[in-house]
There are 2 protein chains.
Amino acid sequence: MTYQPAESGLALWRRVADAIESGIAGGKYQAGTRLPGELEIAEQFGVHRHTVRRALATLAERGLVRAERGSGTYVEAQRIAYPIRSRTRFSEIIGTSGREADGRLIDSSVEPAGADLAKKLGLKANAPVVRIDMLRQANRVPICVGTSWLPAERFPAADRIYKTTRSMTKTLAHFEVTDYRRAVTRVGAALVDAADCAALDLRPGSPILLVESVDHDLNGDPILTTRARFAAERIEFVIES
Amino acid sequence: MTYQPAESGLALWRRVADAIESGIAGGKYQAGTRLPGELEIAEQFGVHRHTVRRALATLAERGLVRAERGSGTYVEAQRIAYPIRSRTRFSEIIGTSGREADGRLIDSSVEPAGADLAKKLGLKANAPVVRIDMLRQANRVPICVGTSWLPAERFPAADRIYKTTRSMTKTLAHFEVTDYRRAVTRVGAALVDAADCAALDLRPGSPILLVESVDHDLNGDPILTTRARFAAERIEFVIES
DNA sequence: TTTTATTTGTCCGTATGTATC
DNA sequence: GGATACATACGGACAAATAAA
């Protein structure tokens, strides 16, 4: 068990970290602004600069702040809470957070489904699917890039509908699918690649969240599967059981 | 819409990628083994090396393969599917996948809860909590490091129990909590820091999955909250709705 | 330890089909 | 139709890292 100062029962660096975190949560330090210098914070708490550095390091690891050598430590923007549940709609989620959702079609085509894709969508191998590559934004800030696939027989020219509606929900509604349910979601993480780096406006080496999902209509038939990359610094998934 | 060779309706590099992916899924290329060289694959499909490189790049982005300059391209180990549901138990999940789960206590103490922690656990500010830092492994491979907090009044010396049982489920059972439920899970991503880098046996700059969770007992009272960092290359979360 | 061959990474270029204005 | 931009595909050269002789 760790050494603990007798007076408080809490390691110094944890107290400093808690205080700074409270300052961010309470609005004392606004997103995007610069924190006081390490020496200044140290003086303020009456601790050594190393203690402040340890506190800042834990906050940086959790993505609350970002240190820039030679410049200072900055408060990161709060991540958008992105709930994953039976009813998961990008536009609804972003809209609820008080932001304006926007989708943009990057590319599309009709292709024969590979083995994996055919299985996910319950199709025969090489059955035609509509592929839609898209970029999704909240308040003009890119949130994710991804690819969706729909059965081409049931949803012919879905890509053209998406291009005008800029919303998957509206696109499906065009085909009389008024409601649908998320069946399964898989979440992993990786590093951004060069192409996504530009599309998502991220620095090279930034982490991204990989999401694979399958949606069913109300009869339980798969209608849509998506593979998306989210900017990890802007999003946090929330699963409520 | 993209240019497509008329004969097939599918871009060449996509066909190559699909074929290699099928080879991995079908066991033709086993995890950890080396794929044929780029030139060899190119000859096999009758395409240019650059076309193969594009196919491999997409597979690498999804974490299926990993290229090593001067050596070759290797099939990555399949990520462990880690379901997130009402009943989420590390040892059960790892055990079900045919692996041996193990937990190790790194550090612990009793501390006053900060504002955020007290709220999550439904305690008064500065109420004492037991903090347990731990490392969890599957087949001796580190999977995650994290910190759990429990109300100290209800679970006195929970850290000592954990140290011997090496399992949170067994620790809670010791306090007559035979069952508990995951209430909420938050998932983000970041880069590994120096300390976790060593603990998780990762290369610097590797992505990690950040997980914050709160568990309730069957009365709906919060009993446990955890903040963990998972090695993204070894784990994939699965949410079924 | 040094050399050599192999393999991936990066850059130059050319040609072609498609989409957009 | 023309001009432009972009993605695909091929060709070649060399650098950098690795592995084996």
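**Close-up views of the contact between chain B and chain A**

**View 1. Polar contacts across the interface of chain B and chain A.** In this predicted model, 12 residue pairs are found in polar contact across the interface of chain B and chain A, both residues of each pair being at pLDDT 80 or more. The elements of chain B that each give two or more residues to the side touching chain A are α1 (12–25), β4 (101–112), β5 (128–138), β7 (180–191), β8 (207–217), β9 (222–231) and β10 (235–240). Of these, β7(B) provides the largest share, with 10 residues. Sorted by kind, the residues on the side of chain B that touches chain A comprise 20 nonpolar, 12 polar and 21 charged.

**View 2. Extent of the contact between the two chains.** The contact draws 53 residues from chain B and 52 residues from chain A. Between them, chain B and chain A bury about 4200 Å², with 50% of that area on carbon and sulfur atoms.

**View 3. A salt bridge between B:Arg14 and A:Glu111.** While the search over all chains of the whole structure finds 46 salt bridges, the pair shown here joins two chains, because B:Arg14 lies in helix α1 of chain B and A:Glu111 in strand β4 (residues 101–112) of chain A. The side chains of B:Arg14 and A:Glu111 meet at 3.6 Å, taken from N to O. Between chain B and chain A the count is 6 salt bridges.

**View 4. Strand pairing between chain A and chain B.** Strand β10 (residues 235–240) of chain A pairs with β7(B) in the antiparallel sense, and the pairing runs over 4 bridges. Within this pairing, A:Val238 has B:Arg186, a residue of β7(B), as its bridge partner.

**View 5. The rotation axis that relates chain B to chain A.** Chain B is superposed on chain A by a rotation of 180° with 0.0 Å of shift along its axis, giving an RMSD of 0.3 Å. The two copies are therefore related as by a two-fold rotation axis. Among the residues of chain B, B:Pro207 comes closest to the rotation axis, its C-alpha being at 2.9 Å. The same surface serves both copies, since 96% of the contact residues of chain B recur in chain A.

Notes: Residues numbered from 1 in each chain as written. Chains lettered and ligands numbered in written order. Predicted model: local features only at pLDDT ≥ 70, side-chain atom pairs only at ≥ 80, totals over all residues. Heavy atoms only, no water. Contact = heavy atoms within 4.5 Å. Buried area = accessible area lost by both parts, 1.4 Å probe. Salt bridge = Lys/Arg side-chain N within 4 Å of Asp/Glu carboxyl O. Polar contact = N/O pair within 3.5 Å; in protein donor to acceptor, adjacent residues only side chain to side chain. Nonpolar A, V, L, I, M, F, W, Y, C, P; charged D, E, K, R; others polar. Pairing = 2+ DSSP bridges. Least-squares fit on C-alpha atoms with pLDDT ≥ 70 in both.
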